[in-house]
Amino acid sequence: MRIFITGGSGCVGHYLAEELIENSDHELFFLVRNVAKVQFNTKARYGSAICRRQSGIHLLEGNLENINEFQDLLKTIDIAILAATIWGGKEETFRINVEKNLELLDLLDSNTCQQIIYFSTASILDYYHQPLPQAGELGTEYIRSKYECYFRIKEHPLASKLTIVFPTLVLGGDDNKPHSHISSGLPEVGKWVNLARWLKADGSFHFIHGKDIATTVHYLIQNPSTQTREIVLGSPRISANQLIETLCQYFGKRIYFRIPLSLTLANILIVIFRIEMAKWDKFCLQYRHFSHQTPINPQTFGLKAYCPTLMDVFQQHKM
């Protein structure tokens with residue numbers, strides 16, 4: 001199989017590259033904006049039983065802005081993995097996250113392409129995996145662009161070959177891979193444990209490690225569908241109180257009693273301290289439960305998960 005992958009220089013992209021390079025014999029084409037930022041081993045297959053003559057790994061310097069330059073190659077691609085994104089705050093957010101992803105699909109050959117895996121975000125879905133209207137109305141540029149692309153990509157002529165994955169909070173990164181936004185902030189969490197252990201909060205969420213995303217995506221590649229499928233990637237539901245309790249366990253802090261942190265109290269603090277919040281932040285404060293009915297991870301398919309629990313997260317990051 002010939003697989004075309006965007007976003008290869010990012011956190012998830014590095015885990016995808018590592019998984020597919022080491023555990024498949026597919027010919028891989030990585031579209032990256034800056035080859036110098038690529039840290040995965042493009043020569044890992046040389047001399048291996050997987051690929052004796054050549055690595056089958058290609059780095060293509062470019063981005064979605066000039067995706068048309070790769071139209072001849074895209075006509076030969078069997079599987080496209082669309083993981084590249086712009087996080088917002090830039091004029092080109094909607095152009096890249098929506099228009100250019102759709103343009104890439106237009107360049108694929110409908111007879112050759114067998115499967116498309118598109119990365120969205122779980123932030124645009126409610127508990128029942130239905131589109132969350134507030135994401136399209138109040139979300140950041142990134143979230144609104146993902147919301148728009150969700151509807152438009154499902155109308156594309158190749159939609160029957162489409163798998164949309166919705167990662168929850170993404171963790172990952174090490175000396176050889178970029179850190180995710182969430183993982184970059186984890187070292188700061190330890191500073192708040194002495195305060196957090198006295199609080200009880202109402203909320204819930206899921207997380208998933210980049211390596212577990214890669215394992216799951218590889219499984220999806222090996223098990224294609226004949227119709228559009230939508231998959232939320234995440235751990236089992238975790239409550240805010242479980243997060244606090246696990247933090248205290250990790251840092252060896254005892255919990256004596258806890259004060260409920262109500263929404264009313266939170267709103268009072270916002271007024272007292274004149275905290276400025278964007279519309280999406282205010283909505284998240286009210287919504288609180290960013291959890292989903294049936295999250296998927298490697299264990300769903302009987303595979304070993306790399307980072308299945310919160311304690312694993314803290315230990316991996318050596319907080």
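## A tour of the chain, stop by stop

Start by selecting Ile255: with a relative accessible area of 33%, Ile255 is partly exposed (buried means under 20% relative accessible area, exposed over 50%, partly exposed in between, using a 1.4 Å probe and protein chains only). Before you click on, know that this is a predicted model, where local features need pLDDT of at least 70 and side-chain atom pairs count only at pLDDT 80 or more, while totals for chains, interfaces and linings use all residues. Residues are numbered from 1 along each chain as its sequence is written, and side-chain values use heavy atoms, with hydrogens and water left out.

Stay on Ile255 for a moment. Ile255 sits in the loop between helix 9 (240-251) and strand 13 (259-261); helices (H or I, at least four residues) and strands (E, at least two) are DSSP runs, numbered from the N terminus. Which residues does Ile255 touch, not counting residues up to four places away in sequence? Show Arg197, Glu245 and Cys248; contact here means heavy atoms within 4.5 Å.

**Two domains**

Next, colour by domain. Domain 1 is 2-180 + 206-237 + 291-307, and domain 2 is 185-201 + 239-286; these bounds come from an automatic or database domain assignment. Taken over C-alpha atoms, the two domain centres are 32 Å apart. Ten residues from domain 1 and six residues from domain 2 make the contact.

**Helix 9 and helix 12**

Axes are lines fitted to C-alpha atoms, for helices over the stretch in contact, and angles run from 0 to 180 degrees between N-to-C directions. For the contact, select Gln242, Leu243, Thr246, Leu247, Gln249 and Tyr250 of helix 9 with Leu310, Met311, Phe314 and Gln315 of helix 12. How many nonpolar, polar and charged residues does the contact of helix 9 with helix 12 have? There are six nonpolar, four polar and no charged residues. Ala, Val, Leu, Ile, Met, Phe, Trp, Tyr, Cys and Pro count as nonpolar, Asp, Glu, Lys and Arg as charged, and the others, Gly among them, as polar.

**Helix 3 and helix 5**

Jump to helix 3 (residues 93-107) and helix 5 (residues 141-153), which pack at about 25° with their axes 8 Å apart. So helix 3 is roughly parallel to helix 5. On the helix 3 side, the contact includes Phe94, Val98 and Leu102, and on the helix 5 side Tyr142, Cys149 and Ile153 are among the residues.

Most residues other than glycine have a negative phi. Select His129, in the loop between strand 5 (115-119) and helix 4 (133-138). His129 is not a glycine, yet its phi is positive, about 70°. Is His129 buried or exposed? At 16% relative accessibility, His129 counts as buried.

Last stop: Arg288, in the loop between helix 11 (279-287) and helix 12 (310-317). Arg288 also has a positive phi, about 65°, although it is not a glycine. With a relative accessible area of 30%, Arg288 is partly exposed.

Note on methods. Parallel < 35°, antiparallel > 145°, perpendicular 65-115°, else oblique.
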